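Open the model in a viewer and keep the selection panel at hand. The stops below say what to select and what is found there.

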Amino acid sequence: MSILMRIYDKLYAAFGPQHWWPGRTPFEIALGAILTQNTNWENVQKAINNLRDADCLTPDRLYEVPQMQLAQLLRPSGYFNVKTRRVMAFIGFLVKSYDGDIENMRPVSTSLLRKQLLDIHGIGPETADSILLYALDRPVFVIDTYTKRVLFRHNVLDFKCTYDEFQRLFYDTLPGDVALYNEYHALLVKTGKLYCKPKPLCYGNSSIIECPLLEMDSSGK
DNA sequence: GACCAGGCACATC
DNA sequence: GATGTGCATGGT
């Protein structure tokens with residue numbers, strides 16, 4: 001069994017299902033993916049609640065709302081000027097390419113969708129992959145800071161490896177299963193929050209193991 | 001007051 | 001290609 005599958009089994013046994021992504025609709029999930037960039041989820045939820053209270057939680061309404069007003073609604077999520085532009089870019093794409101309905105993306109291939117998402121200003125690999133996996137149910141593995149930290153601290157990959165290199169390891173050693181990818185990423189975030197804070201640990205010391213639930217036995221099995 | 005939080009674009013070398 | 005920096009609120 002691969003190291004990644006063993007880690008998954010340990011995490012699932014320890015924490016159980018995480019019921020991700022926290023969002024009511026695919027569109028809300030996509031918005032959350034943008035708003036949570038480098039940001040605590042509780043702050044994102046406040047911004048999403050603002051949008052809901054202002055009746056702005058649909059592509060049509062967001063397409064109409066003035067930029068200044070949108071920025072104020074997004075304020076609690078931090079980087080609100082940046083995120084306002086990014087949300088507007090995403091909405092513009094959705095309206096222009098998919099008639100303002102994320103459901104119209106369903107028939108399109110995953111590889112094409114990923115290219116289109118990455119072309120949108122403010123959507124990088126993690127945000128694109130989060131939308132693909134959690135909003136559109138595609139077998140795409142999301143790599144985030146916690147994923148890198150947890151794997152690095154278990155000597156699976158170097159922290160300096162690229163996004164694609166981390167992702168490749170998951171594709172090479174796990175089946176392409178949406179439910180598995182969904183749960184695994186959520187479990188890595190859960191574990192990272194509990195055990196893999198950036199300090200006082202040093203990224204340069206790969207021998208440090210700070211995730212006790214993940215420690216393997218001496219035979220490496 | 002310091003640190004942290006589910007990135008990304010852009011400038012510079 | 002690698003490295004550094006700006007973006008910002010809110011909780012601990």
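This is a predicted model. Start by selecting Val65, which counts as partly exposed because 19 C-beta neighbours lie inside 10 Å; the cut-off for buried is 20 or more. Val65 sits in the loop between helix 4 (59-64) and helix 5. Leaving aside neighbours within four places in sequence, select Cys56 and Leu70 to see the contacts of Val65. Then draw a C-alpha to C-alpha distance from Val65 to Met88: the two are 23 residues apart in sequence and 9.7 Å apart in space.

**Helix 5 and helix 6**

Select residues 67-74 for helix 5 and 80-98 for helix 6; their axes are 9 Å apart and the packing angle is about 120°. That angle makes helix 5 oblique to helix 6. The crossing of helix 5 past helix 6 is right-handed. On the helix 5 side, show Gln67, Leu70, Ala71 and Leu74; on the helix 6 side, show Phe80, Asn81, Lys83, Thr84, Val87 and Met88. Coloured by class, this contact has six nonpolar, three polar and one charged residues.

**Helix 2 and helix 3**

Move to helix 2 (26-35) and helix 3 (residues 41-53). Their axes come within 10 Å and cross at roughly 130°, so helix 2 and helix 3 are oblique to each other. Here too the crossing is right-handed, as helix 2 passes helix 3. Select Glu28, Leu31, Gly32 and Leu35 on helix 2, with Val44, Ala47 and Ile48 on helix 3, to display the contact. Five of its residues are nonpolar, one is polar and one is charged.

**Two positive phi values**

Most residues other than glycine have a negative phi. Select Asn38, in the loop between helix 2 and helix 3, where phi is positive, near 55°. Asn38 counts as exposed because it has 7 C-beta neighbours inside 10 Å. Next select Asp55, in the loop between helix 3 and helix 4. Phi of Asp55 is likewise positive, near 55°. Asp55 is exposed, with 9 other C-beta atoms within 10 Å.

**The Trp20-Trp21 peptide**

Most peptide bonds are trans. Zoom in on the bond joining Trp20 and Trp21, which is cis, with omega about -5°. Trp20 lies in the loop between helix 1 (3-15) and helix 2, and Trp21 is also found in the loop between helix 1 and helix 2. With 18 C-beta neighbours inside 10 Å, Trp20 counts as partly exposed. Which residues is Trp20 in contact with, leaving aside neighbours within four places in sequence? Select Tyr134, Asn182 and Ala186.

**DNA strand B**

For the last stop, select DNA strand B and the 28 residues that surround it. The closest are Gln37, Gly124, Thr127, Thr145 and Lys199. Helix 8 (125-135), helix 9 (145-152) and helix 11 (178-195) are the elements that give two or more residues to this surface. Which element gives the most? Helix 8 does, with four residues. Colour the surface near DNA strand B by class to show 11 nonpolar, 12 polar and five charged residues.

Technical notes
Residues numbered from 1 in each chain as written. Chains lettered and ligands numbered in written order. Predicted model: local features only at pLDDT ≥ 70, side-chain atom pairs only at ≥ 80, totals over all residues. Near = placed C-beta within 6 Å. Nonpolar A, V, L, I, M, F, W, Y, C, P; charged D, E, K, R; others polar. Buried ≥ 20, exposed ≤ 12 C-beta atoms within 10 Å, placed from the backbone. Contact = placed C-beta atoms within 7 Å. Axes fitted to C-alpha atoms, helices over the stretch in contact; angles between N-to-C directions. Parallel < 35°, antiparallel > 145°, perpendicular 65-115°, else oblique. Left-handed = near helix turned anticlockwise from the far one by under 90°.
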